[in-house]
Amino acid sequence: MILFRCFIFVFGIVIWSASVCAQEKERNTQKGGSAAGTENSKGRPPAGFYDDRIVKPEQISKRPMIARVIVAPFGVIGRPMEKGLNYVEESRALDRLVIILNHPNIRPVFGNLGDGSGFGGGAYLSTADSLSPFKIFGLGHITSKRYLHGLAGVSVRPSPALGEKLELFTTAELRLRPEEDFWGMGPQSGTTRTNYDLQNRTVSAGLTYRPTTNWRTGTALVYDSASVFGGRDKRFPTTQSVFPVDTVPGLVEGAALLSPTAFVEYDRRGRGNAPIRGFYAMATIASNDSVGSGDYGFWSYTVDSRFYVPLLSDGRVLAARTLLWFNDPKGGSQVPFFRMAQLGDSQTLRGYDSQRFRGNNAAAWNVEYRTDLTGFVGAFAFTDFGQVFDNRSEFNTDNFRVTYGGGLQFKSRESVFLRVYLAKSDESSRFFFTLGPTF
Amino acid sequence: MFLRIAVMMIVVSIVAAAEPKCDNPVWFDNDLKDIQSPKEWGSGYYYDFLEGTFFLQTRQAFDFPRTFRKIGGNPKEAYNVNCEGGVPDSSWFTNRNGKQRMSVEKIRRGFRTDDGPSGTKFIVTRGKTAGITPGFWIRDEKGNQYIVKFDPPKNPELATGAEIIAGNLFYAIGYNVPQNTLIQFRPEQLSLDEGAKFTDDRGVKRKMVARDLEVILSKAAKKEDGSYRAIASKLLPGKPLGGFKFSGTRKDDPNDIIPHEHRREVRGLRVFSAWLEHNDIRVGNSLDVYVEEGGRGFVRHYLIDFGSTLGSDTAFPNVPIVGHEHQMDMRVAAKVLATGGIYQPGWRKPKLVQYPGIGIYSAEDFDPRSWRQNFPLAAFENMTEADARWAAEIIASFTNEQIWAAVDAAEFSDRDASEYLKQQLIARRDIIERTYIKGPTSQTARK
């Protein structure tokens with residue numbers, strides 16, 4: 001939201017500047033080019049104008065010259081800024097923008113498509129409630145690094161009695177990710193950064209059911225066909241040129257997988273996206289089997305649990321998250337490398353590069369201490385730790401990776417809309433500017 | 001003997017030097033002289049926020065003389081002060097209760113030129129759903145125009161009660177305020193003017209239709225009998241010029257020669273605002289109007305919009321931090337940051353709204369010295385002990401009966417809520433008195 005406001009603010013100043021120039025020109029034309037003075041247009045006040053005032057103008061001391069010189073820039077900047085902001089406010093430009101952003105049928109989408117994908121945007125289209133109980137929706141989103149996400153789908157709420165509780169859906173998706181990073185596999189993967197181009201075509205159908213406000217569950221059948229090519233980021237070698245193709249499952253041929261999945265979610269957080277107390281958990285299970293070339297088959301399980309505890313005051317919150325991601329190969333089958341568990345991004349180990357660690361399994365914890373500085377601004381400090389591992393014997397304290405950092409978050413009444421922070425690890429320091437909360 | 005006389009003469013001369021005679025205090029500062037209408041300017045929320053939060057602080061940091069005077073305990077006193085420390089009447093302020101006690105009936109009535117909308121049928125001429133509160137403009141049978149404002153549906157009487165009480169008290173203190181009248185009406189009493197305009201949520205203006213009126217009323221608190229309670233605020237006569245600033249002067253108004261940050265009634269407004277929890281005091285909630293009276297045209301300065309006073313935040317009850325910190329309070333933020341969040345002001349704890357029609361307003365933990373409005377204002381930052389004492393004297397001049405009358409004007413349906421508010425206003429008055437007035441002056445004045 002702050003970006004939009006900045007944009008509108010600058011836009012307002014430009015508009016105002018143009019209007020002032022036009023007005024000034026017109027005024028000068030009307031007055032034969034004479035500049036308007038500070039006196040009233042009736043002229044200077046006549047003699048004796050201030051005789052019955054409690055204080056005369058000459059008795060009012062002015063700010064010293066040095067102070068006036070120092071603050072002069074504020075006058076120069078302040079006036080145009082004031083007019084620009086007032087224009088923005090009076091024209092209700094921000095309100096209009098918010099309405100556009102929340103339009104039920106068509107609205108713009110901003111942001112990236114994952115860490116390192118560049119900045120981008122697109123549009124979300126939907127029939128909203130106009131074809132109720134059906135809804136047709138679509139999304140197009142592209143970024144500066146040519147990442148693309150296209151989606152089209154239909155959903156239906158079949159039972160008037162159940163209302164919004166039960167929803168059936170089917171979707172088709174295309175995802176192009178031309179600069180995905182690969183550093184190797186396992187907890188001690190090397191420091192050579194390579195990149196690959198991943199393209200996914202996905203079709204899914206399923207249902208979600210929300211029996212109560214706090215609980216939600218669902219199931220779906222997902223078909224995903226992934227192709228892998230050499231990465232487009234010329235700064236780094238392609239994955240195929242560095243890693244022997246037989247050591248990285250799926251590097252050559254990609255994979256086509258059919259995956260029945262199910263999930264259950266419990267949410268007791270309340271209050272927008274910046275909870276101060278409560279608990280959240282989500283667990284998924286999927287059986288993934290190859291339907292094309294390659295011997296791929298595995299069970300995948302994920303758990304995401306979060307809790308929020310106020311520390312003697314609602315202005316101080318301890319937030320923690322546990323992420324568990326397990327892939328259990330079936331028999332002698334393998335897990336394609338692009339479906340392995342990954343750590344290292346703005347959601348897991350924030351001090352490491354994107355997708356820095358990759359393995360069959362991963363466990364990561366985030367702990368954040370958040371405190372309100374003012375009604376709008378908060379500060380936070382965090383530490384993340386976790387590791388990837390292929391089997392239980394690899395999971396040990398030596399393989400833990402730790403990152404830490406801190407920054408500021410900006411929020412409206414109950415929602416964080418922007419975070420600015422620095423994260424450090426033993427390998428790198430990363431500066432983040434993210435829209436919305438981390439968790 | 002000679003020694004005694006000498007000592008007495010020295011003492012007398014010292015006393016005489018310390019307190020100059022004040023035989024003929026000035027009680028009128030003639031800033032009502034004929035001028036041509038100044039230009040209108042905008043005054044919005046965004047700039048008020050930026051100006052108060054960032055620009056003002058920076059400017060003051062480089063105002064070295066001000067800083068040195070402040071460190072030396074000798075801040076610049078207000079200019080428009082007579083030898084009694086009083087503020088002469090002007091286009092800004094008229095001495096009322098502080099100079100001569102108003103009758104209880106006058107306090108209850110507030111500023112009125114008439115009895116509010118007359119007749120039983122009102123014609124709606126404009127409407128809006130944009131902004132914090134929906135509302136519309138009406139024309140009564142005499143042709144007078146009023147802005148009609150409502151209460152939020154979950155808090156009947158909250159904003160209208162605050163508007164009436166604060167408006168009446170600010171008027172009794174001495175400020176210029178619009179005429180606000182409490183009205184009750186049924187939807188059947190309204191009809192749409194043929195040329196009525198409507199501004200929707202997106203700020204788009206168009207012809208107003210009956211459905212728009214229904215939408216506006218659906219966002220307002222409705223009484224059990226189907227009627228609505230509202231404030232009818234009479235349009236101010238004259239040409240609106242935008243709000244007055246809390247520093248500097250209006251350059252194109254020759255009458256406006258005293259920088260506003262050095263006017264006692266503008267500085268002292270901080271204490272009055274603290275008393276009445278006018279946390280939203282800012283440029284946007286003031287208004288300069290070019291009026292023509294007695295063959296002269298001049299600018300009169302008004303306080304407007306009291307919906308966010310007392311326990312009301314207009315559309316909601318106050319949040320707990322109101323009155324305790326600015327919306328972006330750097331001092332508090334620095335303390336919290338320096339202590340790693342260990343320090344969290346106690347006032348940030350959630351508070352229970354005991355009376356929906358009152359919101360959050362209390363004398364408990366009220367400290368007028370540390371009271372803060374939403375944004376820093378130059379004049380408030382410049383307030384001296386003398387300014388505060390002047391304001392406190394006026395507040396102290398209000399008797400319990402006058403305060404009861406001011407609250408009774410809001411016609412709260414909940415008697416307990418009304419009593420609670422009276423107690424809190426009186427308790428806050430007493431705290432202000434104890435804080436700024438040393439000596440019996442005000443006690444005597446009130447009795």
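Where is the place of Asp305(B)? Asp305(B) sits in the loop between β10 and α9 (330–338) of chain B, as Figure 1 shows.

The model is predicted: local features need pLDDT of at least 70, side-chain atom pairs count only at pLDDT 80 or more, and totals for chains, interfaces and linings use all residues. Residues are numbered from 1 along each chain as its sequence is written, while chains are lettered from A and ligands numbered from 1 in the order in which they are written.

Figure 1. Asp305(B) has a phi near 60°, a positive value in a residue other than glycine. For context, most residues other than glycine have a negative phi, and most peptide bonds are trans. Asp305(B) is buried, with 25 other C-beta atoms within 10 Å, and Leu310(B) is buried, with 28 other C-beta atoms within 10 Å. A residue is buried if 20 or more other C-beta atoms lie within 10 Å of its own, exposed if 12 or fewer, and partly exposed in between, with C-beta atoms placed from the backbone. Helices (H or I, at least four residues) and strands (E, at least two) are DSSP runs, numbered from the N terminus.

**Figure 2. The open sheet β8-β9-β10 of chain B.** Three strands make up this sheet, with antiparallel pairing. The twist averages 30° from one strand to the next. Axes are lines fitted to C-alpha atoms, for helices over the stretch in contact, and angles run from 0 to 180 degrees between N-to-C directions. Eight bridges join β9 (residues 286–293) of chain B to β10(B) in the antiparallel sense; two strands pair if DSSP finds at least two bridges between them. Tyr290(B) stands opposite Val299(B) in β10(B).

**Figure 3. Packing of helix α8 against helix α11 in chain B.** The axes of α8 (residues 269–276) and α11 (residues 385–396) of chain B are 8 Å apart, at an angle of about 45°. The two helices, α8(B) and α11(B), are therefore oblique to each other. Angles under 35 degrees count as roughly parallel, over 145 as roughly antiparallel, 65 to 115 as roughly perpendicular and the rest as oblique. Val271(B), Phe272(B) and Trp275(B) from α8(B) meet Ala388(B), Ala391(B), Ala392(B) and Ile395(B) from α11(B). Residues are in contact if their C-beta atoms, placed from the backbone, lie within 7 Å. The contact of α8(B) with α11(B) has seven nonpolar, no polar and no charged residues. Ala, Val, Leu, Ile, Met, Phe, Trp, Tyr, Cys and Pro count as nonpolar, Asp, Glu, Lys and Arg as charged, and the others, Gly among them, as polar.

**Figure 4. Surroundings of helix α8 of chain B.** Eight of the eight residues of α8(B) are buried, among them Arg270(B) and Ser273(B). The buried residues pack against several helices of chain B, including α5 (158–173), α10 (378–381) and α13 (415–436). Just after α8(B), Glu277(B) takes a positive phi of about 50°.

**Figure 5. Strands β3, β4 and β5 of chain A.** β3 (residues 134–143) and β4 (residues 148–156) of chain A pair in the antiparallel sense over nine bridges, with Gly140(A) opposite Gly150(A) in β4(A). In the hairpin of β3(A) and β4(A), which has four residues between the strands, Arg146(A) takes a positive phi near 65°. β4(A) also pairs in the antiparallel sense with β5 (residues 166–182) of chain A, over nine bridges; here Ala152(A) stands opposite Ala172(A) in β5(A). In the loop between β2 (120–126) and β3 of chain A lies Pro133(A), and the peptide bond from Ser132(A) to Pro133(A) is cis, with omega near 10°.

**Figure 6. The contact between chain A and chain B.** Chain A gives 45 residues to the contact and chain B gives 46. On the side of chain A that touches chain B, the elements giving two or more residues are α2 (65–90), α3 (93–101), β14 (361–372) and β15 (377–389) of chain A. α2(A) gives the most, with twelve residues. By class, this side of chain A has 21 nonpolar, eleven polar and 13 charged residues.

Conventions. Two residues are in contact if their C-beta atoms, placed from the backbone, lie within 7 Å.
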